[in-house]
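Me: Hi, I have a structure open and want to go through it piece by piece. Can you help me read it?

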Amino acid sequence: MEPLVCFPDPVLPVVGTALRQCGLGFRAASSPEAASSLEMTSTKDGWAGAVVSAADDLSRAIAFCRHLRRREDPVSPLLLVIAEDQLRELQLRDDLFDDFCVLPSRPAEIAARLEHLMWRSGRNAAPHVIEHGPLVLNLETYQAAVAGRVLDLTYMEYELLRFLAAHPGKVFTRETLLSRVWGYEYYGGARTVDVHVRRLRAKLGEEHAHLIETVRSVGYRFGQPAWSPGPEPSP
Amino acid sequence: MQSQRDYVLRTVEERGIRFVQLWFTDVLGTSKAFNITPAELEDALDDGMTFDGSAIDGFSRVQEADVLARPDPKTFQVLPWHARDETVAAVYCDIFNLDGTPFEGCPRHALRRTLERARDAGYTFFIAPEVEFFYLADGDPSARPRPLDAGSYFDLSVDDRSSEVRRRTVLRLEEMGIPVEHAQHEDAPSQHEIDLRYTDALTMADTVMTVRLVVKETARHEGLYATFMPKPIAGVQGSGMHTHLSLWHGERNAFSDPSDAYGLSDVAKRFIAGLLHHAREITAVTNQWVNSYKRLVSGYEAPVHIGWARNNRSALVRVPVVKQARAESTRVEYRAPDSACNPYLAFAVVLAAGLQGVEQGYELPPEADANLFDLSERELRTRGIRPLPGSLKEAVDEMAESKLLTDTLGEHVFEWFIRNKRAEWRDYSVAVTQFELDRYLPSL
């Protein structure tokens, strides 16, 4: 996913923390010119959004917002971070931002607002579709298909497959899967993971069962590193 | 919880599902269902569906007949056996009182309570049953049972109709994500067995209900009748549900101890001791019909005496010998249950008996090395080996005295069950059977 652009450079510590919490990439710029050249070098399709802090220099921040919004494809969503005494400056500038946050704010609040904004603008951090070889997962409709055949999955099977497919090539222990996928009190314990993997493999069918690999005495891995588009290099 | 609900609702919408079956089980283990439309499903997920429980076995109460069926969204599944234009899905329900408290007559709650007890003690409980049943040639169960074939154990017959139906059943189960370990022809003509891969006990109880439905449904489609009746045909083996049990501590099998001569940990030994000690009390639940006791007789590989052994199939508890490298598959096999039990209640009482042994530190009696069938009554007595109850009446009398069973099943189920089973015994006692007519009428 594309990074967000932040004003000014260096970015406000609380904003940096929040962005990292959301797992969103970003570049900092102190001028529209700097932002433009960064956009050329570090994005393919343009900025995924922006966080502009007006606390230090209101007028330059507003100019920065204007630059991002008054162009052919306006940058959105844009979160404006301001001080309390700047609240009245927001009047009649509704077109320059999508949401705002008043300092002092905790990183958690900024992170929550960012996440919500990203979700609303449809450019949220997680993609709507996960594709891996013959497997397609539509995260919006909760439907999964392999080689064009719709899979009838229970909720937990779907969740496990989604988690694994979102991290191709990575090895997970049963305990990790149990805590990340189940996460709530369950009667099964760690062996439950084996049971669900078995069920998933049965539903994927013999031809595609190997999508979920057993890693001896460790746990499970989705897809082989050899042909996985994930971060692991080919041997 | 919210996302589980959304998952169900979105799937119903995306797959064009017209009806959703709400499944639940009465106290005697009979599947019950009612259909609702997708429009009603949202309400059902949020608030449950009210229905009159008084018509359902074990659900009847004096004051208030209405109960709530609340779908467990984790169990939602699209059924594979309907035509594409009328896709049907099913979801298991828990039954609640109108005030939101768990309904005492709901077998799922009884099992869940026992599983919580195990969890509080640090254990998760895994279970793998072997479900036996017969295929009969007539689709109409009122006809005299007629086997389909004359095959037996592991027979390889090329053109065997019942094996074909069984194969189709297994494929369908696999399609539903129910892994089958083995499926084979059993000893008796037309008798088959489906061994299920272990899961946690609640999932397995749901699965056993699904398996029975799929077996019957697939047979019906072929014009056959599949029965889980414990002893449908005299003179041949009955249908049991040998059940493999293990307790786990996280990722470690709590039954395994490679340094022990039997490969069994103290936990396993105490668990077996618990099963043996309470075997007579739990038999009414694991073998709940008059007919169940026609299976539990000598000569047909069914257990009759209370003992344990490694490679002795006459024992009530068998400890399968596992290879050293497969220590994690250490388990004990409880051989009394039949496939016509209520799996929720049967799993609950078996677990409760074993746990009692673990918690109270019961001592494991020596292994029954001889074939128990071959020992005389006196030899059995000297070895302190007791028999299982020989009839439903004996089993129910034993159960009625059991605190373990009152605690495990809860007052409501416990009392209803005993009342119902005493009535069944009464009906049986006053019946004049074919046996009596054949034996006495010509000469008396």
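Predicted model: local features only at pLDDT ≥ 70, side-chain atom pairs only at ≥ 80, totals over all residues.

Me: OK, switching to helices. At what angle do helix 3 and helix 5 of chain B cross?

Reply: They cross at roughly 155°. Their axes come within 10 Å. Helix 5 of chain B spans residues 201–221.

Me: So are helix 3 and helix 5 of chain B roughly parallel or antiparallel?

Reply: Roughly antiparallel, because the angle is over 145 degrees. The crossing of helix 3 and helix 5 of chain B is right-handed.

Me: Which residues make that contact between helix 3 and helix 5 of chain B?

Reply: From helix 3 of chain B, B:L111, B:R112 and B:L115. From helix 5 of chain B, B:A201, B:L202 and B:A205. By class, this contact of helix 3 with helix 5 of chain B has five nonpolar residues, one charged and no polar.

Me: How does helix 5 of chain B pack with helix 8 of chain B?

Reply: At an angle of about 145°, with their axes 9 Å apart. Helix 8 of chain B is residues 343–360. Helix 5 passes helix 8 of chain B in a right-handed crossing.

Me: Which residues do they use?

Reply: Helix 5 of chain B uses B:A201, B:M204, B:A205, B:V208 and B:M209. Helix 8 of chain B uses B:P343, B:Y344, B:F347 and B:L351. The residues of this contact between helix 5 and helix 8 of chain B are nine nonpolar, no polar and no charged.

Me: New topic. How many residues does each chain give where chain A and chain B touch?

Reply: Chain B gives 26 residues and chain A gives 21 residues.

Me: Which element of chain B gives the largest share of its side?

Reply: Helix 1 of chain B, with five residues. Elements of chain B that give two or more residues include helix 1 (2–14), helix 3 (107–120) and strand 7 (124–136). The side of chain B that touches chain A has 10 nonpolar residues, eight polar and eight charged.

Me: Now single residues. Is B:P71 buried or exposed?

Reply: B:P71 is buried, because it has 25 C-beta neighbours inside 10 Å. B:P71 sits in strand 4 of chain B, residues 66–71.

Me: What does B:P71 touch?

Reply: Leaving out residues up to four places away in sequence, B:P71 touches B:L22, B:A44, B:L45, B:V91 and B:C93. The C-alpha atoms of B:P71 and B:M209 are separated by 16 Å. Along the chain, B:P71 and B:M209 are 138 residues apart.

Me: And A:V5, buried or exposed?

Reply: A:V5 counts as buried, because it has 29 C-beta neighbours inside 10 Å. A:V5 is in strand 1 of chain A, residues 4–7. Not counting residues up to four places away in sequence, A:V5 touches several residues, including A:F26, A:L38, A:W47 and A:V75.

Note on methods
Residues numbered from 1 in each chain as written. Chains lettered and ligands numbered in written order. Contact = placed C-beta atoms within 7 Å. Helix = DSSP H or I, 4+ residues; strand = E, 2+ residues; numbered from the N terminus. Nonpolar A, V, L, I, M, F, W, Y, C, P; charged D, E, K, R; others polar. Buried ≥ 20, exposed ≤ 12 C-beta atoms within 10 Å, placed from the backbone. Axes fitted to C-alpha atoms, helices over the stretch in contact; angles between N-to-C directions. Parallel < 35°, antiparallel > 145°, perpendicular 65-115°, else oblique. Left-handed = near helix turned anticlockwise from the far one by under 90°.
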